[in-house]
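Reader: I've got a model open and I'd like to learn how to read its sheet and its helix packing. Can you walk me through it?

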Amino acid sequence: MTVFVDTAALYAFIDQNDDGHHSVLRAWDELQDAGVALTTTNYVVVEAATLLQSRIGLGAVRTLIEEIVPALEVEWITPELHEAATEALFAANRRDLSLVDCVSFATMRRLGVRQAFTLDPHFRRQGFECLP
């Protein structure tokens with residue numbers, strides 16, 4: 001089984017002051033103990049690094065890159081997938097939906113992944129099962 005890891009979970013994992021921090025830590029441990037494959041995209045890594053750096057500092061980015069990303073299979077986004085996600089973003093015509101989200105949804109569908117490790121409600125609205 002494979003679970004897609006989103007920015008919201010990565011951020012909450014590192015930010016001890018985030019409301020979802022403890023539930024994300026518990027879910028991460030459960031996924032690790034079960035040997036679940038965890039995947040994400042390079043767009044999610046960049047988005048999480050940017051948020052962490054601006055809100056917490058470069059030390060948080062180091063934690064992400066050195067301690068968490070090595071546990072993930074990172075899918076690199078092709079120009080074709082980027083274009084498809086951009087089209088989906090424009091078709092949705094919603095200010096609260098990001099390009100990174102659309103890339104994540106397209107990646108999950110391409111890989112056949114049905115579960116997302118996230119605190120972002122957009123994934124549930126797209127029909128994915130969310131953890132925690």
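Reader: Which residue is the bridge partner of Thr2 in strand 2?

Author: Strands of a sheet pair through backbone hydrogen bonds, either parallel or antiparallel. In this predicted model, where local features need pLDDT of at least 70, side-chain atom pairs count only at pLDDT 80 or more, and totals for chains, interfaces and linings use all residues, Thr2 has Ala37 as its bridge partner in strand 2. Residues are numbered from 1 along each chain as its sequence is written, and side-chain values use heavy atoms, with hydrogens and water left out. Strand 1 (residues 2-5) and strand 2 (residues 37-41) pair in the parallel sense over three bridges; pairing takes at least two bridges found by DSSP, and strands are DSSP runs of E with at least two residues, while helices are runs of H or I with at least four, numbered from the N terminus.

Reader: What is the strand order in the open sheet?

Author: Its five strands run 3-2-1-4-5, with parallel pairing. Strand 3 (73-75) and strand 5 (129-131) each have a single partner strand, so one side of each lacks a neighbour in the sheet.

Reader: At what angle do helix 5 and helix 6 pack?

Author: Two packed helices are described by the angle between their axes and the distance between the axes. Helix 5 (residues 79-92) and helix 6 (residues 99-111) pack at about 120°, with axes 8 Å apart; axes are lines fitted to C-alpha atoms over the stretch in contact, and angles run from 0 to 180 degrees between N-to-C directions. Helix 5 and helix 6 are therefore oblique to each other (under 35 degrees is roughly parallel, over 145 roughly antiparallel, 65 to 115 roughly perpendicular, the rest oblique).

Reader: Which residues make the contact?

Author: Among them are Leu81 and Ala85 of helix 5 and Val103 and Arg110 of helix 6, with contact meaning heavy atoms within 4.5 Å.
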